Amino acid sequence: MRPHEETISVGGIDVHAWIGGRGDPLLVLHGAGANRGWVRWIQQVAEHFTVWAPTHPGFGRSGDAEWMEGVDDLARFHLWFIEAAGLGRPHLLGHSIGGWAAAEMATMSPGSINRLVLVAATGLKPERGEILDVFYHSDAQLRDMIVHDPKTVPEWDELFGQPPTPAGLEMADRSREMTARLSWKPYMHNPRLAHFLPRVTNPTLIVWGRDDRIVPVECGEQYRRALPGATLRVLERCGHLPPIEHPDAFARLVLDFLQEAA
Amino acid sequence: MKLYYFSEMPHHEYPDAEGEKYPSLRLGFPNRFFDRAKAAANYQRYLDEYEYADQVGYDGLMINEHHSTPSCVNVGVNMAAALLGRTTKRAKLLILGNILPIEDNPVRMAEQIAMADLISGGRVLSGFVRGVGVEQWWANANPVHNRERFEECHDLILKCWTEPGPFRWEGTHYHFRHVNPWCLPLQQPHPPIWIPGTASPETAVWAGQRGYTYVPFLVPFDIARELFDYYRQGAAEAGREVTPDNLGFLICAVTADTRAKALEAGRHFVWRMGPTLRGPIEWFSPVGMRSRAGKQFALKARPRSLATLSYEELVAERFIIAGTPDEVADGFALVQRELGIGHLLLEAQESRMDHVTTMRSIELMGAKVIPAMARL
């Protein structure tokens, strides 16, 4: 099923979004890397749900929001997006920094969303390890660390194999800059978030890669302990990008979980 | 033309082979290689050299500040200015400079600069810098706010010095409910302000708009002229006239009794051109620190990085001037003719250049070069 693209104005900011599929709405919030669009796992989930995949302000083809200072701002923005786009009470799935935003949204307004899926989400300070400082490392170093094994990633060539264009580099630069605005200090976490998580009783699926070298899997355990209705699924031979590294298994997990709601 | 003496107060007191094991000498080179006893002795030595530079007639003493690096262990530029304010008599104290974007309390900074100005009898030239990226990491200051914080910190410091307190400051990055510093600079309305530049056209325009003294560091002459053009553009916007007193330039320089000795001493400057600047781009220019215009200009400003130039090339292109007093005087005069500047800042000690060599260079500059430059 082919998606279409739309620009939706929220609070004066033009938000680029991919939209497609059929069924109840599922809002998908991307990580710091980029909104990768209609990738394989989304195609599978869109057979049963209408997927809305907006690009965060300051990223990709969405407008600027240089006034934003934290992921809590991004969370309030996406709650507004739900209203502006007329999504009713959508399921919400967020990956990495998008997962952090999703967790913040759930604590701010649990009634605005249906089921919650957090994937390798930042937002909590690990108790033992550290969240990798992505700004301190080069793209090449990050490329080596982000997945468990590039050879097993079905869409690797398509997503990462092409030499970047000048426009692509500039867009990546802009996205990195916005990520820094949102997450520089405290780095990639909100010390207050954990205090609010018990408010969220929505059924929640947490998905992590066992070998995540960006956000340690212990953060998944912390989210599971703090969220009353949460289940944690850890994928083996998987790094920080479960939806990309194991798209079929990931789509299956998400579909099984969301379809329980019906 | 006025001459300024400058040492980064280096701490090159470890085996080079150890430094080479790390991606950079900055940030990540472990401080177990910091030698406390040698550092204690070096501070005395460096301050002695500054005091001697004052005695022989240098017009100014320049000091700077960096962190988490052996290239510069002057970690508190206002502390050094206060010390020199007490122990020197005549030279201007060029603080170049305070790193504004990483400062969380501009009011305290305004007080400290004022205190140095008072102690020195009004000799402070107050430079403000945006800093290199490494300092953003050191302070954990968000690099995307570098320019905004530079400007707001500057505005608040100026207000501290020029408007009666108490007043309130509710800005974007700084918030103070009660500003009323009981320490104001001796110079009125405030110490002259200096701004260095290496690659940012915006900074040159900004400095020109305000009539501040603008000083490119170690760039080719044609790039310096281009930056001065940006400066003039800013000055013209504000209806300001630009004189040589508005313009300075920084190079490395050493003199000795013979050309051979001076050229040997000059080799110590190579350390600051390459090894101390080595490191990942993410550390030196972190995300969002530079505007796109600044990035493009930076590429142009350093078509070849200083690290790739041989010592002979660095001398040929006058990033380093080393020779007898007559030869360095000729070299400085050439820089003055090329750029039309009123201030020449000399990085005059580096790396492992020893005390005897440094003192002799200071002595010869005072006896033969500074008087010649005063006539230019």
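Student: Which residue stands opposite B:Met62 in β2(B)?

Tutor: This is a predicted model, where local features need pLDDT of at least 70, side-chain atom pairs count only at pLDDT 80 or more, and totals for chains, interfaces and linings use all residues. Residues are numbered from 1 along each chain as its sequence is written, and chains are lettered from A in the order written. Strands are DSSP runs of E, at least two residues, numbered from the N terminus. Strand β1 (residues 2-7) of chain B runs parallel to β2(B), joined by three bridges, and the residue opposite B:Met62 is B:Phe6.

Student: Which residue is the bridge partner of B:Leu61 in β3(B)?

Tutor: Strands pair if DSSP finds at least two bridges between them. β2(B) and strand β3 (residues 92-99) of chain B have four, in the parallel sense. The partner of B:Leu61 is B:Leu93.

Student: What is the hand of the β-α-β crossover from β2(B) to β3(B)?

Tutor: The chain passes through helix α3 (residues 77-87) of chain B; helices are DSSP runs of H or I, at least four residues. Right-handed means that, with the strands pointing away from the viewer, the path from the first strand over the helix to the second runs clockwise. This crossover is right-handed.

Student: How many residues of chain A are in contact with chain B?

Tutor: Contact requires C-beta atoms, placed from the backbone, within 7 Å. Chain B contributes nine residues. Their partners in chain A number 10.

Conventions. Contact = placed C-beta atoms within 7 Å.
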